[in-house]
Amino acid sequence: MSSSNSNPNDPPPPPPQLEGDDTYRYLSGLGNSFSSEAVPGSLPVGQNSPLLCPLGLYAEQLSGTSFTTPRHRNLRTWLYRIKPSVTHEPFHPRDPPNRRLVGDFDDRTTTVATPTQLRWRPQEVPRAPPHVDFVDGLYTICGAGSSFLRHGFAIHMYAANKSMDGCAFCNADGDFLIVPQQGKLLITTECGKMLVPPGEIVVIPQGFRFAVDLPDGPSRGYVSEIFGAHFQLPDLGPIGANGLASARDFLSPTAWFEQAHRPGYVIVQKYGGELFTATQDFSPFNVVAWHGNYVPYKYDLSKFCPFNTVLFDHADPSVNTVLTAPTDKPGVALLDFVIFPPRWLVAENTFRPPYYHRNCMSEFMGLIYGIYEAKADGFLPGGASLHNCMTPHGPDTKTYEATISRLGGDANEPSRLRGTLAFMFESALIPRVCRWALESPSRDLDYYQCWIGLKSHFSHEDLHGDDRPAATGGNKDDKN
């Protein structure tokens, strides 16, 4: 758990973690107040900030909400570390910068408004020089609001072929929800380590320092970021006490620390969408013990318990919400994270794929693996689509025609969606799209063509026969 002991008066390092499936230990639960110590006896007893902390550690509080936020929403964690995080040189703008990150979406030089349906093919993961780590491989697609105003969101994607070495990342703007699509992520945080393969997600709350290693080699995926809010489980309403994502299945890391001298270690801080760096002579992952309820966590999406209609019609996608960041308006989200996992479809006399839709919310979709049920072609794992507020969207021509062709056949037979996992970031805010996303060679300029083939199946004779005129909304004598 720790590096070598350089001073004979230092406490002995804890035993190494077990190899294999038990290499990384986790604490179960979302919203719990946890405590963890890598060295027994390193947590203070009975108070948070004693005159002298055990083992000569420094006490440092990390606040995720204001001090006076109501207790049921108040988030903070106490970290007991070898040196405090304030021990660093001044911050300077990072050189080179990452000019494809945005934190203020009122900037019209970098973003544009468009109601057009957008789709992107997967970006190739770099497999040769130049080497790109998570920080340099992160780029913004769209977003709304401003990190300075503490309200809004951003949606990013990343593609990296290099582990972060000698540096850590800190997002002062908001919470990251990371969805790896290809390649595992080994994420070291101030609270400990988490291994996150595709099919799982990880949330890094605002202000935590973390580093991303790539144990499988190159990796790509999706990231949502929320300003001025935190993710929580959605209310279940009439579903009851159980279902969807269970709090017990969310996992937070256990304490782990590095003790070695690390001259020239770099902290990369994202602040207002820009990157700044500061150097220090130690690893930020020097937290020997901690306690609190403001912690990173991960979740295995295969543990989601989906609900669906069991007789007729298609349920609204909100029934598949894993996490939500609410606004002050009841039932309206700053950002929802929704998934479309394997599940049974049993509705009778029902068009089972998602319906055609115009939505007051804006929807960004990604595909982790498989084929999405509403898009037979073109929407690929690692790709993405964006349907903004009130922009029409829905199944493509091939999906629609294949579905209605089953009428009179096996359309009412239960079927199981297998081998697929799609997701959606949905927001009440209207995002602006980054210019480089619109100009990207990965953008599918022919996306609209997937609907152009939809033809009219209308025939009033199906309802009335030849001897009854159909109402047209105009003169009764008008004929179609």
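Student: What does the accessible surface of the protein chain come to, and what share belongs to carbon and sulfur atoms?

Tutor: The accessible surface of the protein chain is about 23000 Å², and carbon and sulfur atoms hold 53% of that. Such areas come from the Shrake-Rupley method with a 1.4 Å probe, and for residues only the protein chains shown count as cover. Keep in mind that this is a predicted model: local features need pLDDT of at least 70, side-chain atom pairs count only at pLDDT 80 or more, and totals for chains, interfaces and linings use all residues. Residues are numbered from 1 along each chain as its sequence is written, and side-chain values use heavy atoms, with hydrogens and water left out.

Student: Thanks! How many helices and strands are there in the protein chain?

Tutor: The protein chain has four helices and 29 strands. They are DSSP runs numbered from the N terminus, with helices being H or I of at least four residues and strands E of at least two.

Student: And what radius of gyration does the protein chain have?

Tutor: The protein chain has 25 Å, which agrees with the value near 23 Å that a compact globule of 480 residues would have. The radius is taken over C-alpha atoms, and the globule rule is 2.2 Å times the number of residues to the power 0.38. Along the principal axes, the C-alpha atoms fill a box of roughly 100 × 45 × 45 Å.

Student: What percentage of the residues count as buried?

Tutor: Of the 480 residues, 50% count as buried. Buried means under 20% relative accessible area, exposed over 50%, and partly exposed in between (1.4 Å probe, protein chains only).

Student: Let's switch to charges. How many salt bridges does a search of the whole structure find?

Tutor: The search finds 13 salt bridges, each a side-chain nitrogen of Lys or Arg within 4 Å of a carboxyl oxygen of Asp or Glu. One of them joins lysine 270 and aspartate 173, whose closest N and O atoms are 2.8 Å apart. Lysine 270 sits in strand S18 (residues 261-271) and aspartate 173 in the loop between strand S10 (167-171) and strand S11 (175-182), so this pair links distant parts of the chain, 97 residues apart.

Student: Are those two buried or exposed?

Tutor: Lysine 270 is buried, at 1% relative accessible area, and aspartate 173 is buried too, at 3%.

Student: Which residue does arginine 121 meet in a salt bridge?

Tutor: Arginine 121 meets aspartate 444, at 4.0 Å from N to O. Arginine 121 lies in the loop between S7 and S8, and aspartate 444 in the loop between helix H2 (435-438) and helix H3 (449-452), so the pair ties together parts that are 323 residues apart in sequence. Arginine 121 is partly exposed at 36%, while aspartate 444 is buried at 14%.

Student: OK, aromatics next. How many aromatic pairs does the count come to?

Tutor: The count comes to 21 aromatic pairs. Rings of Phe, Tyr and Trp (its six-membered ring) pair if their centres lie within 6.5 Å; planes under 30 degrees apart count as stacked, over 60 as edge-to-face and the rest as tilted. Phenylalanine 250 and tyrosine 297 have ring centres 5.8 Å apart and planes at 75°, so they are edge-to-face. Phenylalanine 250 is in strand S17 (residues 250-253) and tyrosine 297 in strand S21, so the pair ties together parts that are 47 residues apart in sequence. Phenylalanine 250 is buried at 0% relative accessibility, and tyrosine 297 is buried at 8%.

Student: Which residues do ring pairs link into a cluster?

Tutor: That cluster consists of Phe134, Tyr158, Phe169, Phe176 and Phe210.

Student: Now something about the backbone: which peptide bond is cis, from aspartate 95 or elsewhere?

Tutor: The bond from aspartate 95 to proline 96 is cis, with omega near 5°. Proline 96 lies in the loop between strand S5 (92-93) and strand S6 (111-112).

Student: What about aspartate 313, where is its place?

Tutor: Aspartate 313 is in the loop between strand S21 (297-300) and strand S22 (321-326). Its phi is positive, about 75°, although aspartate 313 is not a glycine. Aspartate 313 is partly exposed, with a relative accessible area of 48%.
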